[in-house]
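Thanks for opening this one with me. Here are a few points to guide a first look.

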Amino acid sequence: MTAVRVAYSCSYVPPEWISAYGLRPERLTVDCSAEAAAKDCAGLARLQGLCPYARAFAASVIAQQADAVIFTTLCDQMRRICELLPAEWAAKTFLLNVPRTWQSAGAFRFYKEELVRLGGFLETFGGRAPSSDDLAALMSAADNDRQECRTLAAESFSQADRSLKRLALTGGPITTDDSWLPGVVRQHSGLVVLDATETGDLGQPGPFDHRRLADDPFDELANAYFSIPHPARRPNDPFYAWLGENLAARQIQGIIIRRFTWCDTWAIEKNRMRERFSMPVVEVEACGGSGARARTHSRVQALMEAIH
Amino acid sequence: MKPKLAKITLDQWDARYEELKSAGLAEPFYGGPLRRHVLDGDLRLADLKFDDSPAALRLWNFLLSEEDRLFSARDGGKKIVGAMKDLGTVPVMALGLPNVVAFYPDGAWWIPCVMRLGDELLGIAQSMGAGESFCPVRAMLAAFATEGHFPIPDLLTCSVGATCDDFSAIAQRLTDFRQSILWWEIPARRVPQVGEEAVDLPGGLTAPVSQVRFVREELERVRRAIEDMAGAKLDDAALADGIAKANGIRRLLDELRYKAYTTTPCPMPAIEMLVAEMLAIHFCSDRQECQAVLEELLAEVNRRIAAGLGVQKADAAGIFVVNPPADLRLMNLLEDCGGRVCGSDYMFGHALDEIPPDVEPMEALARTALADPMAGPAGQRADRILRDAEAFGAEAVLICRIPGASHCATEGAVIAGAVEASASLPVVEIEVPPLIDSVRPNIQTRIEALVETARRARRRRK
C-alpha cells in the first residue's frame, strides 16, 4: 500500500511528526519555471504580485499530486495561497500557525497546540497518533541522519580547496532552478561552504536533547523546531546569532542572498547583513528566469572581486 | 430639485475661510485656514477638493495637526505609545491612563501622498533596504530615521503573526536604529473545528477559545509594558473606562457611516468620510476632541439630510471601497467619475465594531484584536464586504490595490470572486500608487467603466 504523501515547504513543519502518524512527509523542491506554474496552476499564474516561490510551490503540489499539503503562517503569501489552492487542486490543506514571536511561554505553548491540531488533521486521512516510544524512535533516527549530514559537511569543509573563496548562501528555499548556482560560484573561484537557506542548515532543528527526548519526545520535538532561527521571527536576533556563529566557524568571506521577488522577509535583511558582518554581501534573484541568470553571473563575479 | 453642494478647492477654501471667520466661526485651538498645512509641506492638499463645511474644516485641521499634538503631549509630560499594525487595540488600552497618549506610526504611509513625495521618504526608505517591492508603509521607516514627523515614542509596540510581511520586515528594520519594540502576536484567525470550544468575535466572526486566550496573554504583556512606561497601574476598571470611551466613538462613526453611505443624495464627500473613519483607530491622539469633531460632522450630515442636500447627484453610482487608497486623490476621482461611496473596508473593520462591553476588558480587547479582517482568511473578509455592501446598498465594488503589499497579490481575486459570484456586483481592482497623477487616465477610465456598469445594472433592475 502506498503511503499518503503530505507535502510541505516550511522548516517549522516537523517531518518526524508526519512520519509518526504513518504518513510520508515530502518537503517539495519546487520547480520555478514559468511553464510549470502556468501548466499546473493557471488560476494562480494570473495573479499579479504573487511571490514566484508561492506560485511554484502550489504548481509543484499539483504536478506531484500530493495527497495533502501543509502551509504555515510564517510567510503571508504562503498563508494566503493555502486559501486559494483548493480551487486549483483537490488535495487536503492545513494551515499551521507558527508564532512569529518566540520570547513568551505562551508562544511555545501555542506552537505545541498547533502541532497537536496538525496531528488531528493527519488523522482525518488515515494517520494514527503515535505512542511516545514510536515518536522517540523516529526522532532518534532523524537526529542521527542529521548528525551524519553535519559530520559529512564538516569533513567536506576541512578538505575543501583552501585557494577557493568561502561563501555562505542564504535566503529562501532552494528550488530546481538553483542547481546551476554552485557551478557559477566555482567558475569564479568560490565555494559555498555554508548553506544558510531555509532548506539548508538554517532550516534544520538543532540536535535533540536525549534526556528530554526520553522523558517527553513531543515536547522536545516542538522545542527543537520552535527554536529554528528564521529571519521572519520577531525579533530575529537568534537568526543573526546563528548566522554570525556559523560565518565565523566556517571562515566565510562573502554572502550571497537569494531572494524571490516580493519576498519582504529576506529583502530587508540585505542591508542588515551588510551592517552586521564585515564582508561583502550580494543579492541574487531566485526564480527569475534566464534574465536573472545573467545578472546572477555578474553579481557573483562582483562579489568575488570584492573579496580580498 | 435640491441644489447640489459644491466641493471646493484649496484656493476656494481660502475665501471660504475668510467668509466663515467674518461670520463668527469659532474654532478649536488647532483651527486655522487649510492653506497653512500646504505651507508646511502638505502639498497634495492643493490638488484635492474638499467639503466646504466648518465641520469638514475642523476634521482636516484635527487630522493635520496631530504631529503638533503629539509634541505638545510630550512637552506636557505625557508618555507616548507608538502602536504599530494592530489598528485599533493598543490605543484603547492607552486611553485607560491619563498620562499616556497613543498613535500609529503606520499613518506615515500617507506622507508620500500628502507631501507629494516632497519629503523623499520613499527614497530614504529605499536607501535603508526597503525598496519598491515593499508597500508605501516603508515611508514609516524613513519617518523614524529622520525624526521629523512624530516624536519618537517612549514605548513602541508591533503586532505580528497574521500581518503583511512588508510591515513586519520594516518594523524589524527599525530595531537597527535604537528602537526597541515590544512584539506581540495575533495569530492567523481560523474557523473553529467541529467540537472545539469557540467564541463570538465582533463583526459576526467566531474563533477558537484557544486563539483568544493566546491573544489575551499577549495583550497582558502589552499591558505590563504600558504600566512600566507610565509608572501607573492599568487596572481593569481603567481599561473598561477606555473601552467605554472607544465604543462611544465607534457608535458615533457607525451612525455617521450609515447616514453618509445610505442617504441619497450623498451628504458627505468620500474623502472626508475616509478621514473620519481613520479617526477610529487611535482618535488622532485626542479622544475627547475626536468625539467633538465627529459629532460636528454628524450634525452637518443630519442637517443636510433634513434639507435634502447632497454633494453628489442623486444618480451617483454607489461604490463599496476596499482598502485605503495610497493616494487620497482617488476619493475625489471616484466622485468625479459619477460615483459615491456606499460602504468601505479600509482594513480596520474591527476598529469600527463595538468592543464587547459585557466581558472582562482584556477578553474584550483580545476578541477585538483577533477580529482584524487582515488576520483571517480573505474569504471571511469577502463575506463581511458582501454583507456590508448589501446593507449600504452598494452597486459596485472598487478594490484599491496597494503597490507591493503582500496581501494584495491574492486577496483581490478572492474578494472579487466572492462579490461577483454572490452579489453579481461589478468589481474592479486598481493599483493605486502614492501619487496617481501619472496613471490617472487609466484609473479614471476604469472607474468610469465601473460606474457605467453599475448604472446600467440599476436601469435593468427598474
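1. Let's begin with helix 16 of chain B, residues 378–392, bearing in mind that this is a predicted model. Helix 16 has 15 residues and reaches 21 Å from its first C-alpha to its last, close to the 21 Å expected at 1.5 Å a residue.

2. Which residues of helix 16 are buried? They are Ala378(B), Gln380(B), Arg381(B), Ala382(B), Ile385(B), Leu386(B), Asp388(B) and Ala389(B). These buried residues pack against several elements of chain B, including strand 7 (317–322), strand 8 (339–345) and helix 17 (408–422), and also against helix 5 (76–84) of chain A.

3. Next, have a look at the open sheet of chain B, where four strands run in the order 2-1-3-4 with parallel pairing. Strand 2 (100–103) and strand 4 (182–186) stand at the edges with a single partner strand each, so one side of each has no neighbour in the sheet. From one strand to the next, the twist averages 25°.

4. Within that sheet, strand 3 (residues 155–161) pairs with strand 4 in the parallel sense over five bridges. Thr157(B), for instance, has Leu182(B) in strand 4 as its bridge partner.

5. Finally, step back to chain B as a whole, with its 18 helices and 10 strands. Its radius of gyration is 21 Å, close to the 23 Å that the globule rule gives for 462 residues, so chain B is as compact as a globular protein of that length. Of those 462 residues, 57% count as buried.

How values were computed. Residues are numbered from 1 along each chain as its sequence is written. Chains are lettered from A and ligands numbered from 1 in the order in which they are written. This is a predicted model: local features need pLDDT of at least 70, side-chain atom pairs count only at pLDDT 80 or more; totals for chains, interfaces and linings use all residues. Helices (H or I, at least four residues) and strands (E, at least two) are DSSP runs, numbered from the N terminus. The radius of gyration is taken over C-alpha atoms; the globule rule is 2.2 Å times the number of residues to the power 0.38. A residue is buried if 20 or more other C-beta atoms lie within 10 Å of its own, exposed if 12 or fewer, and partly exposed in between; C-beta atoms are placed from the backbone. The expected span of a helix is 1.5 Å times one less than its number of residues. Two residues are in contact if their C-beta atoms, placed from the backbone, lie within 7 Å. Two strands pair if DSSP finds at least two bridges between them. Axes are lines fitted to C-alpha atoms, for helices over the stretch in contact, and angles run from 0 to 180 degrees between N-to-C directions.
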